[in-house]
Amino acid sequence: TVGGGVGAGVHAVAVQPKPLAAPAPIVIRMESAPAPVTPEPVVVDAPAPVPAPVPAPSKPQPVAPPKRPDNLGAERSYIEQARAALSRHEAAAALAALAQHEREYPAGQLTEERLALQVIALSESGEVSEARALAATFRARFPDSLLMPAVDAAAPR
């Protein structure tokens, strides 16, 4: 292999490349293009301006009370307080947190959870008839709830 490398080197020195001939110039023929045609201006009659409608006198709209901000975090806080109280078997504390949630968020996003926890807390506190009445309300309002087994266990039909 050493001989092959030496032989290639000797060959490169012995054979000198011939200079290349200059390339022939490239000639591009350009045909003259027809002169551009300028279109005649088109005159369009503009439509007459339409008068703006006159607004009818309106009655003053009653001002709606400001809405409370959607605060899922605050709602969840009450629900978690109730869950923690139930885990310690403190039904009264759970009911207090749930009552506060109901006062502040009567139609809140966690209403379903609140009602289920209220049924469980009422049952645990010994208020069985109140638990059954609230369970009936829960079943009617949330018939397909995932919380139904817990409600049924706390307040059987």
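**Salt bridges and helix packing in an all-helical model**

E80 and R83 are joined through their side chains by a salt bridge, with N and O 3.7 Å apart; the term covers a side-chain nitrogen of Lys or Arg within 4 Å of a carboxyl oxygen of Asp or Glu. The model is a predicted one, in which local features need pLDDT of at least 70 and side-chain atom pairs count only at pLDDT 80 or more, while totals for chains, interfaces and linings use all residues. Residues are numbered from 1 along each chain as its sequence is written, and side-chain values use heavy atoms, with hydrogens and water left out.

E80 and R83 lie 3 residues apart in helix α2 (residues 72–87), so about one helical turn separates them. Helices here are DSSP runs of H or I with at least four residues, strands are runs of E with at least two, and both are numbered from the N terminus. E80 is partly exposed at 41% relative accessible area, and R83 is partly exposed at 37%. On this scale, buried means under 20% relative accessible area, exposed means over 50%, and partly exposed lies in between (1.4 Å probe, protein chains only).

The whole structure holds 4 salt bridges. In general, side chains of opposite charge can pair when their charged atoms come close. R88 and E90 form one of these bridges, with their closest N and O atoms 3.1 Å apart. R88 is partly exposed at 47% relative accessibility, and E90 is partly exposed at 34%. Another bridge joins D152 to R157, where the closest N and O atoms are 3.9 Å apart. D152 is partly exposed at 27%, whereas R157 is exposed, with a relative accessible area of 76%. Salt bridges also link R139, D152 and R157 into a network.

Returning to α2, its packing partner is worth a look. Helix α4 (residues 111–124) packs with α2 at an angle of about 25°, their axes being 11 Å apart. Axes are lines fitted to C-alpha atoms, for helices over the stretch in contact, and angles run from 0 to 180 degrees between N-to-C directions. The angle makes α2 roughly parallel to α4; angles under 35 degrees count as roughly parallel, over 145 as roughly antiparallel, 65 to 115 as roughly perpendicular and the rest as oblique. The crossing of α2 and α4 is left-handed, a term used when the near helix is turned anticlockwise from the far one by less than a right angle, with clockwise giving right-handed. I79, A82, R83 and L86 of α2 make the contact (heavy atoms within 4.5 Å) with E113, R114, L117, I120, A121 and E124 of α4.

On the α3 side, the contact involves A91, A94, L95, L98, H101 and E102, and on the α4 side T111, R114, L117, Q118, A121, L122 and E124.

For the protein overall, there are 6 helices and 0 strands, and 22% of its 157 residues count as buried.
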